[in-house]
Every structure is written in C-alpha cells, then in structure tokens.
Amino acid sequence: MTPAPLISFEHVGREFDEGRIVALRDVNLAIDKGQSVAVVGASGSGKTTLIMLMCGIMFPSTGLIRWNGEPVTTSGAWTELRRSAIGIVFQEFNLFPTLSAIENVEIATFGTGIDRGEREVRAEAALKAVGLGARATHLPHQLSGGERQRVAVARSIVNQPTVILADEPTGNLDSVSGGAIMDLLFDLHRTGGVTLVVVTHNSGDADRCARRIQVRDGEVSEPAPMRVPEVAS
Amino acid sequence: MNHLQLAFRNLERRPARSVLTALGVALAVGSFITLYGLSRSVYQNVQQSIEEHGSDLTVRRRGTAELFGGTIPETNEPRIAKIPGVVAVSGDLLSLAATDQDAQVLAAGWPDDSFYWQNVPLEEGRQPQRGERKVALMGIDLARALQKHAGDTIGLLGEQFKIIGITRFNSVINRNLVIVPLTDLQELTFRPGALTFLSVKLAHPQDPAEVDRVSKAIEAARDLSATKSENVLRNDSMIGVLRAVSAAMAWVALLMGVLMVLNTLLMAVLERTREIGILAAIGWSRGRIMAAIVIEGFILSAIGSAAGIVIGVAGSHLLSAIPAIGRFVAVRPTPGLIAATALAAIVLGILGSFYPAWLATRQSPAVALGRA
C-alpha cells in the first residue's frame, strides 16, 4: 500500500479581508516524505501563504490539509506538529535578541518533555551541525547575518523535524552567506533525510530541488523538473 | 535555561521599567503593611492598655459608639460594687490634655481607692496617698520624651502637677499615660462627678454565666452597658472608621501595584508581538506562552513584595517614631499580616498578568510575524 503523502492540500484556498483578497485558490498538492521542493513565484503571488498554511501558522479559508493522511484542523494539533515535526526558517532570522545562540536554539525544545540537561545537549549538537559550536554563547547582535541564519536553521532542526519549511532563507543575506545557508539546508536534506520545502527567488537554488512548485496569482502549478535534483540519501 | 531564567531575561531588557514596576509593588505592599498594621496596632494597644489595669468588665453609657464618646456618673460605682460576684469597681476619666511643653498627652483620672493602683509598676517614686491632690504619675516613655523625673512638675490643662512617680507599664498607651487624681481631672475638664467608664473586677471572670449575670445586673440601670474588657473595642466606631479608612487606603495602594504589573506586562506584550509569534511558530502552546508572561508577573510581584516588606516594617517604625502617633500606638505589623500581604500581592500580581498573557495568545501568529 502506498504511504500517504507527508503533506497534502485538498482544494485549499486562503482569502483575506473578508474575501476581497484571494491569496490562494483551490490548491491541490502532495509532498512526500524526503522530497525537496522549491516554491517559486513573483512577490505577492502566494508563496509565503502556502508555507504558512503548511505549518498551521495560517488556517485555510477553504479545503483541507492533511499530514501523513490525517486532517489537521485545530491549532493545538498544528502546535504539536510545529514542536515535533516541522522546522521553520524565516527570511528575517527571528532570533531573540537577549538570548545567546545556544539559548535561541534551546528555546524551541521547551515543552517537548525532555529534561533541561538533554535540551542543552541537543541545542549544542544542533549548533555544531550548522558549524556554530564555537559561537554558542554569542548574542545575535554579535553574529553576522549568515551566522544568525545558521542559528535559525539550528533552531529548526533541534527537535529533529520531518520537514524544514524555509521561507526565503537567503533573502537577507549576501550571495556567499546565502549560498552557504542553502548548502547547509541541502546537506540536512541529503544526510538527514529531512523533507525540505524552500521558498526562493533564486532559480539556481530552485534547480537543486527535486520538485518545483510555481505559484502565480494564487494558483499553483508544477512544471517538469529541469535538471537532476539533490536526492536525500 | 528554564522559564524563570527566560522571564528574567525579558525583564532585564527594560531594566528601568521593571525596577520601577517592582518599586510600585513594593510601595503598595509597604503601604498596605503600614496602614493595616496601624489600624490593628491601635486596636491591640488600646486593648492591652485596658487589660493591663486588671479590668474584667467595662461599663459605659449605653449607645456610646466609641470609648471616649460619653460619660457616666460616678454615683453608679457603689451600686455596681454591691452586685454579687463583683470584687472591685473603679472609675476612669480619660482626656487628652495639653502640657506646658506643648505636647498632647493622654491623662487618666483615677479615684484614690481604685483597684488599678494594685497593678501599677513603678520605675521610680511612689503612688499618691489618699486625698493627695495635684500629683501625677507619668509613663516612662513620656517621661523620657519630656525629660521628666519624680520630683519634677508638669503643666496639665493650665495647672501644675508634681510628678511623684514614673510608671513602667508594657502597653504603649500606658507608657505615655499621665495618671492624676480623679477629682483633679474632673475639675480641669469641667466634668465633676463624671467618668469615661467604670472598670469592674469579677470574682470569676472565666465563668461566662457569671459574667453574663453580672453584666445583666449592671445593665439593669437602663443607661449603662457592660462589655467584657477584651471586647470593648469590638464595636467601637472610631476604631471601625480607622480600620475602614486604613483598609480602603491599603487596598487602593495594593490594587495600584497590581495595575502597574498589568500595565508593564501589557506594554511588554505589545512590544514583543513578533517574538510571541515566533514562540508560536516554533511550537510553543498558548498555555506555555501564557505561563511565560505570568511568570514575569510573578517575578515582578515577588521582588516587589520582598522589598515592600522591608518598606512596610521600616514605615511602621517610622510612624511609631512620630511623637503624635508613637505616644498612643506602637505600629507593629504581625508576621501573619506581613505574610498575608506579600502573598496577596503575589497572587494579585499573577492575576494581573493574566490579561496581558491572554492577550498574547489571542494574536494570530501569522499577524504577529507580519505574514498576514
């Protein structure tokens, strides 16, 4: 029997301003576990809305979203998924300015049921995984933009998620730092088998994914892949 | 890192605001302890001063709302003395009196044969002899304040009295009391034959039936009411007003402290909208986000309460050091009052932080993150 897709959208629509703005309409898509997916499209096309729906930060106006075949409809269920199965990387880093790098990572482990010592061990391991083991005690303002985004990536993987949703993760970085962050995300995908969904404007980054989802004026389409993607091992 | 450390980090972001909020709570708690301590201490001190004279029943004019509020004729004394079960009766006339040193003191006029004299501890000097006039016994604290000793004189209500002894009572009121012959005080206050109250000593004060029987016998004279001395202030209107005013001021102060906590946390929540959105995005439940805000409220209230205890105790001592207050009452907040106030402030602070905490969880993570 074919396993259910990790994430599936069934006729999902999202409207704002009491229906005057339609961000997404009748989206049907399925993402399997271990895939790498690029979400591309012009600014304002609905890419971020798509990602926000995938992690339950936003709820659909119409349609149904399933995780592993199970419909997810409550905020509590989405919270649990974000805590245990979804890692999110934003364009703006979104770190806590008063917390050190390791504390910014550890904060994502609160409520997971693991004890404080284990939380610290996991946070340290996540920071090492993104190459920031030596910068653990630095505050965000003491880190470069690329390092801050690495901390954000470490935070997204500390709970060993099934999927990383990255919303333009290199948007605030120079090309060198941005390239390094994308390398890091694809490494995690390849070596950890984590599903990767990346919103990007960079066609080169999109080409590294197995799938490309095009969002245009709230509608989703899927052109054929242009090149061989980087496959999770 | 744990929730407590996280809350401290958040409070450290705005150190001035956090410190001022905790200070506001501290002042509220301090005011509460001092004001409530004051009203309680007045009650306790007056009660103690009455009990120190060895009185079991206090007889006052019926319908008198407060201790100093009326007079009764001293002609009642022999009738009450004849009631079976009554061991002794003493009249007592009280009056605030100006001294020749511009101090207001409490003066008590006692009859020569009062049983009160049996319970007067003397620091120096002697008790008055029967029929001796224009003599005074002075409480030790007042004597020290006015630098008087046995053998000196003191002007009371325009008349000179010879100080023949210094008393060493325990209660603050009695330690600042000037005792003079009843006749002298009646003359000086233009109240001949009048008493503020009569004190009755009973043969069996522990027997409720006996106390009740004697009380009813006393109250057979329709203008009199008899109360167990330990209950004499229970329905006293002055004490009631003092308690009500103190309580109202104390609660207003405490509620202001709570409002400060609420306001600070509300501002913090509004400032940290995006961060609360991030917490939601990384899987923090609404309950956990609420708890994080409430812990901040707890910390502010707890620190404020601790500082408030210091302020309250210090404030109580300062109040007692003011002569106009300290001569009548030693403001001493009890450990129970201190603990209850601190606990109330912490609980109210936590309750006050629930609204900002609830508000924090009401906002959509998407809106908080600027995604909608």
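Predicted model: local features only at pLDDT ≥ 70, side-chain atom pairs only at ≥ 80, totals over all residues.
The crossing of α8(B) and α10(B) is right-handed. On the α8(B) side, the touching residues are Gly257(B), Val261(B), Thr264(B), Leu265(B) and Val269(B); they meet residues of α10(B) that include Ile293(B), Glu296(B) and Leu300(B). Sorted by class, the residues of this contact are five nonpolar, five polar and one charged.

Now over to chain A, and its open sheet. What order do the six strands take? They run β6-β7-β8-β3-β9-β10 in chain A, with mixed pairing. The edges are β6(A) and β10(A), each pairing on one side only. From one strand to the next, the twist averages 20°. Helix α1(A) packs on this sheet, touching β3, β7, β8 and β9 of chain A, and its direction makes about 150° with that of β8(A). As for β9(A) and β10(A), they pair in the antiparallel sense over three bridges. Arg216(A), for instance, has Glu219(A) in β10(A) as its bridge partner.

The two chains also touch each other: 20 residues of chain A and 19 residues of chain B take part.

| Element | Residues |
|---|---|
| α1(A) | 47-54 |
| α2(A) | 75-84 |
| α3(A) | 101-106 |

The largest share, three residues, comes from α2(A). By class, chain A's side has nine nonpolar, five polar and six charged residues.

How values were computed:
Residues numbered from 1 in each chain as written. Chains lettered and ligands numbered in written order. Left-handed = near helix turned anticlockwise from the far one by under 90°. Helix = DSSP H or I, 4+ residues; strand = E, 2+ residues; numbered from the N terminus. Contact = placed C-beta atoms within 7 Å. Nonpolar A, V, L, I, M, F, W, Y, C, P; charged D, E, K, R; others polar. Pairing = 2+ DSSP bridges. Axes fitted to C-alpha atoms, helices over the stretch in contact; angles between N-to-C directions.
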